[in-house]
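Take a look at the model below before reading on. The tour covers a pocket and a pair of helices.

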Amino acid sequence: MSQSTLKQASATTQTPSAASGLVRGKGLASGQLGLFAAVMIGISTIAPAYVLTSSLGPTVQAIGTQLPAIFIIGFIPMFLVALAYRELNADTPDSGTTFTWVSQAFGPALGWLGGWGLLAANIIVLSNLAGVAVDFFYLFLAQATGNPALAELAGNNAINILTCLAFVGAAVFIACRGLTTTRMVQYILVGFQLAVLAWFAIGAFTKAADQPGHLAFDASWFNPMHIDSFSAFAVGLSLSIFAFWGWDVCLTMTEETKNGEKTSGMAAALTAIGVLAIYLVGSIATVMFAGVGDTGLGLRNPENSANVFTAIATPVMGPFAILLSLAVLSSCAASLQSTMISPARSLLAIAHHGALPKRFGSVNKFKSPAFATIVAGGVSAGFYALMRVLSSNVLNDTILALGMMICFYYGITALACVWYFRHTAMDSLRNFLLRLLAPLLGGIALVAVFIQTAIDSWDPSYGSGSKVFGVGLVFVIGVGIIALGALFLVGAAVRRPEFFGGHSLPKRAPASERERV
């Protein structure tokens, strides 16, 4: 065997990190998080208290009492996609996740666009989290001081935006200090949030029978066939998918967890399953207590839909309602801070692989991508300020648009798994289920929801009724941001020929195929 052949054989059997520099060398500190810490950060990113108060109203308006059904249906494609993520993460553990894996499967152009979708989703949800945090901050002050006028300050755009900037700034500061500080903060905020949610659920169950408009529990709530139309189903599913979004942050921390991809993959699965249980209990308790009427405390009352817990906290928890406001505030604060992890590390990876300026790939003395974190925080704050001016219901419109963004980048990642492992998918039953069937079904489901939502959201009546040149604002945000990404892609391709030429992040076969050579 010639020396060149030996070198070639050696190259094909190297680990991903040795072969292509994918895993190490970004400057992140390894081994900072165990399984429990990773799950806590995953739950905090999803922010169940925030999700329940912000999404129950819009979801009930679309599908009525079928909340448990739509949460379970929404969980299924997310879990199937999570299996695809786990397979890709095991083969190529990288904080770039969607960007890296789609580039490996479909080439740099689609990889860059998938990474853009991931970043856009994070930017949207960061702005949304900050907005809800502002609302509950002033509500908490009003309840704590007995001065209802303080709650009205959230309706003042100038005060609202300035307070939002302060929250984002605090989250950026903590995130820049690394995952050790993040972990300490999350233990406190997530623990408090879950304890209060349990208190609320118990109170709602026990007091439901005495509440006007309440509903008795009905097993038919778990039947998705009771949803009126596919459009209503797509709206509900999009909102449900939004409700589970965030578990993939566990995988962006792979390079910083103990036992790498094994711990992060397990954390993602445990996070998704745990959050499903929280949603089922919380949604059933809320529907039983408040009902789905359009007056009073009913969940279809437009005055309640944006923030459900604002209306029903006092009837459920009495003088301790302030704790629920504080729980939602802590949920938003925790998620605002932990959600910074994903876009910052994605930007770090994108720069590491040559698709962004090198400055985004820098880390500070805490081994945290500080510059990328600051940029992510600044863009999210600016997006929130713009949306606050354009939209009459910024919360609802951004949630619906976020569902589209999630479907886009999760869907393309799942399909990338199918294509990337196509040559080994039939080697065993395990490969067939986890590398072909599960990601294919999950990816198709999410792409279908994306297409249906895009069609429906063209109409301004989809969402708050806000529009831009006669087109619904939800469509403008969701599809417009992806189109903007395609436009930036053209410019990036000119400025980053090393990446877009397939040199800095070349396509390669999965590890199992390379080992055969």
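This is a predicted model. Start with the lining of the largest pocket. The residues there divide into 22 nonpolar, two polar and two charged. The space inside comes to about 760 Å³.

Which helices supply the lining? Helix 7, helix 16 (341-352), helix 17 (370-390) and helix 20 (473-495) each give at least two residues to the largest pocket. Helix 7 gives the most, with seven residues.

Two packed helices are described by the angle between their axes and the distance between the axes. Helix 6 spans residues 98-106, and helix 7 spans residues 108-145. Their axes come within 7 Å and cross at roughly 160°. Angles over 145 degrees count as roughly antiparallel, so helix 6 and helix 7 are roughly antiparallel to each other. The crossing of helix 6 past helix 7 is right-handed.

Which residues make the contact? Helix 6 brings T98, F99, V102, S103 and F106. Helix 7 answers with P108, L110, G111, W112, G114, G115 and L118. By class, this contact has seven nonpolar and five polar residues, and no charged ones.

Technical notes. Residues are numbered from 1 along each chain as its sequence is written. This is a predicted model: local features need pLDDT of at least 70, side-chain atom pairs count only at pLDDT 80 or more; totals for chains, interfaces and linings use all residues. Side-chain values use heavy atoms; hydrogens and water are left out. Axes are lines fitted to C-alpha atoms, for helices over the stretch in contact, and angles run from 0 to 180 degrees between N-to-C directions. Helices (H or I, at least four residues) and strands (E, at least two) are DSSP runs, numbered from the N terminus. Angles under 35 degrees count as roughly parallel, over 145 as roughly antiparallel, 65 to 115 as roughly perpendicular and the rest as oblique. A crossing is left-handed if the near helix is turned anticlockwise from the far one by less than a right angle, and right-handed if clockwise. Contact means heavy atoms within 4.5 Å. Ala, Val, Leu, Ile, Met, Phe, Trp, Tyr, Cys and Pro count as nonpolar, Asp, Glu, Lys and Arg as charged, and the others, Gly among them, as polar. On a 1 Å grid over the protein atoms alone, a cavity is a set of points where a 1.4 Å probe fits but cannot get out, and a pocket is an open set with protein on both sides within 12 Å along at least five of seven lines; lining residues have an atom within 4 Å of a point. Grid points are joined across faces, edges and corners, and a volume is the space filled by probe spheres set on the points.
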